[in-house]
Amino acid sequence: GTIESDADLVAMVGRDWHAACCVCVLPSCTARLTDANCVEVEEKLYCSAHMHCNTCHTPVDTEELVENELGYFHEACCVCAECSAPLEAGACGFLEERAVCLKCHPGPFCSLCEGILPDQHLMVLERRFHFECFRCVACEEPFGSVEDPVAITDEGKPICGACSCISCATCGKSITGEVIEALGSSYHLSCFVCAKCGDPLTEQFGIKDESFFCAHCLTASALPACAACRAPIEGKHTVAGGRPFHHACFKCCACGTLFAS
């Protein structure tokens with residue numbers, strides 16, 4: 001607007017302003033501005049203390065501020081520049097100075113955390129890593145250098161020599177996560193299951209013929225098996241020709257007539 005007198009004139013950021021206009025335009029702020037604490041963006045004045053959005057490059061009101069590993073954003077601006085999906089922490093990166101989601105980024109990606117890699121990263125045994133991710137997936141101890149003994153698991157994760165020696169007694173593969181120790185052997189959680197029903201084993205399990213069984217299957221294996229249906233027989237049953245039968249299974253295999261027990 002028109003400046004009626006020099007008393008109304010304030011010089012800031014190389015331009016003249018009404019004194020009444022020298023306030024931060026963000027609704028949550030409206031602080032008085034001076035040339036020392038002022039920044040102009042698209043002919044609007046803001047406090048220089050406010051964070052700038054990495055998408056639209058304008059200051060962000062505190063109530064709208066979203067922060068992730070890429071910097072600061074307006075909530076509405078925190079979306080992928082390619083597909084407009086929300087940018088999730090740990091699953092986004094810059095592509096030609098634009099923020100994009102993991103699905104829209106061409107990589108390369110870290111073999112351990114699967115995050116987007118910067119230009120400077122490690123490559124060991126044809127696998128790529130963030131510097132901070134170059135550690136054993138099992139014990140989480142960092143490798144001293146790329147010269148340290150390191151192997152790659154079937155899942156593509158780095159594992160140290162000591163941990164790669166721990167193999168599952170069931171599948172024979174290296175154990176890189178939680179391990180179960182039973183009777184001097186090590187097992188993956190997913191491999192320590194009942195040999196009959198396949199359910200995960202708890203503290204209550206038993207061994208028969210060098211195999212692990214849950215309590216239910218172990219009890220059932222001690223019961224006589226019906227000569228007709230092969231299911232365990234609990235309680236009273238019929239014995240014929242030295243073989244056990246459920247009462248309901250002791251019948252003619254041709255016509256289905258029950259025999260007298």
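Tutor: A disulfide here is a pair of cysteine sulfur atoms within 2.5 Å. This is a predicted model, in which local features need pLDDT of at least 70 and side-chain atom pairs count only at pLDDT 80 or more, while totals for chains, interfaces and linings use all residues. Residues are numbered from 1 along each chain as its sequence is written, and side-chain values use heavy atoms, with hydrogens and water left out.

Student: Is Cys 38 buried or exposed?

Tutor: Cys 38 is buried, with a relative accessible area of 11%. Buried means under 20% relative accessible area, exposed over 50%, and partly exposed in between (1.4 Å probe, protein chains only).

Student: How many disulfides in the whole structure, then?

Tutor: A search of the whole structure finds 0.

Student: OK, overall layout. How many helices and strands?

Tutor: The protein has 2 helices and 18 strands. These are DSSP runs numbered from the N terminus: helices are H or I with at least four residues, strands are E with at least two. The radius of gyration is 35 Å, well over the 18 Å that the globule rule gives for 261 residues, so the protein is more spread out than a compact globule. That radius is taken over C-alpha atoms, and the globule rule is 2.2 Å times the number of residues to the power 0.38. The C-alpha trace spans about 120 × 55 × 30 Å along its principal axes.

Student: What share of the residues is buried?

Tutor: Buried residues make up 30% of the 261. Of the contacts (heavy atoms within 4.5 Å) with a separation of 6 or more, 13% are between residues 24 or more positions apart.

Student: Which residues have the most contacts inside the largest nonpolar core?

Tutor: Cys 110, Phe 129, Phe 134, Cys 136 and Phe 143, in a core of 14 residues. β9 (122-124) and β12 (158-160) are the elements that give two or more residues to this core. A nonpolar core is a set of buried Ala, Val, Leu, Ile, Met, Phe, Trp, Tyr and Cys residues joined through side-chain atoms within 4.5 Å.

Student: What does Phe 129 touch?

Tutor: Leaving aside neighbours within four places in sequence, its contacts include Cys 110, Leu 122, Val 124, Phe 134 and Pro 158. Phe 129, Phe 134 and Phe 143 also form one aromatic cluster.

Student: Where does His 130 lie?

Tutor: In the loop between β10 (127-129) and β11 (150-152). At 13% relative accessibility, His 130 counts as buried. A polar atom of the His 130 side chain lies 3.0 Å from the backbone oxygen of Ile 116.

Student: Back to rings. How many aromatic pairs?

Tutor: There are 7. The rings of Tyr 187 and Phe 212 have centres 5.6 Å apart and planes at 90°, so that pair is edge-to-face. Rings of Phe, Tyr and Trp (its six-membered ring) pair if their centres lie within 6.5 Å; planes under 30 degrees apart count as stacked, over 60 as edge-to-face and the rest as tilted. Tyr 187 is in strand β14 (residues 185-188) and Phe 212 in strand β16 (residues 211-214), 25 residues apart.

Definitions and conventions
Polar contact = N/O pair within 3.5 Å; in protein donor to acceptor, adjacent residues only side chain to side chain.
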